[in-house]
Amino acid sequence: MAASPLLAHPAVALRPLVVSVQAQAIVDHLCVIKDEAELRQLIADDNEIGGSHRVQLSEIQRILTATGEYFSKAGGSASNTTRGLAGFGVPTQLLGVRGFDEWGTLFISSMKRAGVDVSQVVVKPGPTGRACILSCGGQRTMRACFDGCQRLDAPELRPESFEGAQWAFLSAYCLYNPGLLERSVELARQAGCQVALDLASFEVIRSFRANLVSLLESGTVDVCFCNEDEALELVGGSAAQRGADGTAEAGLQYLSQHVNRLAVVTLGEKGCLIKEHGASELIGMPACSGVKVVDTTGAGDLFAAGFLYSLIQGYSPRRCGEIGCMAGGAVVQTLGAEMGRDQWSWLHQRMHGELAGAVVRDSAAAVQQEMLACYALIEQKGRGVVYYGSARLKQSSPHWARAVELGREVANLLGCTTWSGGGPGMMEAATLGALEAGKPVAGIRIQREAGTKVLTASYLPPGCQVFCRFLSSRKVALVDSGGWELPCAVGLAT
């Protein structure tokens, strides 16, 4: 898959920012079904179309034999979200168990390829979980089998499992393993992590309502995701109890009262609803337009990935919802929950403009990663004035004070972000001037120059810089960080 790392270059070993729990690895067998009549013939039980139910291995084999053609990919709600976060460039780690078989090997290979740290996925004797994902008319019906599969049990989680991470992402599917969800939340909170919980499916809520209510009302969940059906199921509602606009606002209201930060209800083609804890405002975000739906598998999982990525970036709840909808809109354009290069290109073009989309399509992978990191910072901080200048300018020089004054006066005049290469001399002086004016600053720095590492202490505030290994990435991004619509020249040099 095409990834777009943002927070650090992959060569830099980092503790994960997000740790997720996938109690049992699962491989999805994706089957395209031509119509509902054929779908009803395939599912021999009386369960709802569109639901997710557990079946025996023989049922998996029967469905695959009847279908004939299918595609196999790593699956699982937490795994899908984790892989999506890695695609955004967020350092991630997956905790879990996989079987000692070919399907377990496929699962690990897929997650590694996406950039997920799978060093804490334990191999145990026995098979890996499998699921038939029946895609019909853009909707999916799921039948999963965990017969004989080993699982991650609550006592196997260690206190250090979440240490160093900012977030723990958990799925309510963990409730099928007694005590695992509660233990994960407990250890995550002890490690200082914020907890994001996905409610998994209306069947899980129906089966484990008491557990979920107890957890939600304990004050240990910071962000909660669910879809409309899950929100209704949580509050015991039915379709007749939906609001006039077709949403499950009662479920959103309940969640917002008990989470510490944000409650989010996804509405499919209608977008999403967001409500902050303690706020009266309900934020509604529309779904992306112009999306050709191929398969909805993973739409909610990738929405969560986009939303969490945005929270880590410090974006507003509204922007988090917007990017979540974009990510969900990207993944439904392909079969399964793993996005390819075309989907990442579409997503980044929506997020950062046509230049970022072209980066995904055409650049070599390493340069691509750096460019996307730069464009994400530009999108966050805003275009402005760019300073290029001699690194040999010393504070003892009479030109130093003039450069500081220039940076201060230009920042006050334009009120925009002051950009530079983050180096010494002219760039530092102008940036310090902008900081004196109380205006935003940012820099795109180089890791090595003339074969020497230049990762020195920076005068730039935290979160206001990106490091590049390639000079081409840095130069192009610095040009594009200039405010093209400003009423003056945007590049200032000595």
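What follows is a walk through some helix contacts and a few residues in and around them.

A: First, the ground rules. This is a predicted model, in which local features need pLDDT of at least 70, side-chain atom pairs count only at pLDDT 80 or more, and totals for chains, interfaces and linings use all residues. Residues are numbered from 1 along each chain as its sequence is written, and side-chain values use heavy atoms, with hydrogens and water left out.

The protein has 17 helices and 21 strands; helices (H or I, at least four residues) and strands (E, at least two) are DSSP runs, numbered from the N terminus. It has 494 residues, and 55% of them count as buried. Here buried means under 20% relative accessible area, exposed over 50%, and partly exposed in between, with a 1.4 Å probe and protein chains only. If you take contacts (heavy atoms within 4.5 Å) between residues at least 6 apart in sequence, 72% of them join residues at least 24 apart.

On to the packing itself. Two packed helices are described by the angle between their axes and the distance between the axes. The axes are lines fitted to C-alpha atoms, for helices over the stretch in contact, and the angles run from 0 to 180 degrees between N-to-C directions.

Let's start with helix 11, residues 317–331, which meets a helix on either side of it in the numbering: helix 10 and helix 12.

With helix 10 (residues 299–313), the axes come within 7 Å and cross at roughly 145°. That crossing is right-handed; a crossing is left-handed if the near helix is turned anticlockwise from the far one by less than a right angle, and right-handed if clockwise. Helix 10 brings residues including Leu 302, Phe 303, Gly 306 and Phe 307, while helix 11 answers with Cys 320, Gly 321, Ile 323 and Gly 324, among others. By class, this contact divides into 12 nonpolar, 5 polar and 1 charged residues. For that tally Ala, Val, Leu, Ile, Met, Phe, Trp, Tyr, Cys and Pro count as nonpolar, Asp, Glu, Lys and Arg as charged, and the others, Gly among them, as polar.

With helix 12 (residues 341–352), the axes of helix 11 come within 9 Å and cross at roughly 155°. The two helices are therefore roughly antiparallel to each other; angles under 35 degrees count as roughly parallel, over 145 as roughly antiparallel, 65 to 115 as roughly perpendicular and the rest as oblique. This crossing is right-handed too. Arg 319, Ile 323, Met 326, Ala 327, Gly 329 and Ala 330 of helix 11 make the contact with Gln 343, Trp 346, Leu 347, Arg 350 and Met 351 of helix 12. That comes to 7 nonpolar, 2 polar and 2 charged residues.

Zoom in on Gly 329 in that contact. Gly 329 is buried, with a relative accessible area of 9%. Setting aside residues up to four places away in sequence, Gly 329 touches Val 291 and Trp 346. Its C-alpha is 6.1 Å from that of Cys 288, which sits 41 residues away in sequence.

Next, helix 15, residues 398–414. Its axis and that of helix 16 (residues 426–436) come within 7 Å and cross at roughly 45°. That makes helix 15 oblique to helix 16, and the crossing is right-handed. The residues meeting here include Trp 400, Ala 403 and Val 404 of helix 15, with Met 426, Glu 428 and Ala 429 among those of helix 16. The contact has 10 nonpolar, 2 polar and 3 charged residues.

Trp 400 is worth a look. Trp 400 is buried at 10% relative accessible area. Apart from neighbours within four places in sequence, Trp 400 contacts Leu 393, Lys 394, Gln 395, Gly 425, Glu 428, Ala 429 and Leu 432. From Trp 400 to Gly 425 is 25 residues in sequence but 7.9 Å in space, C-alpha to C-alpha.

Finally, two other residues. Leu 372 sits in helix 14 (residues 365–381) and counts as buried at 2% relative accessibility. Ala 200 is in the loop between strand 10 (194–198) and helix 6 (202–207), and is buried at 11%. Most residues other than glycine have a negative phi, yet phi of Ala 200 is near 75°, a positive value.
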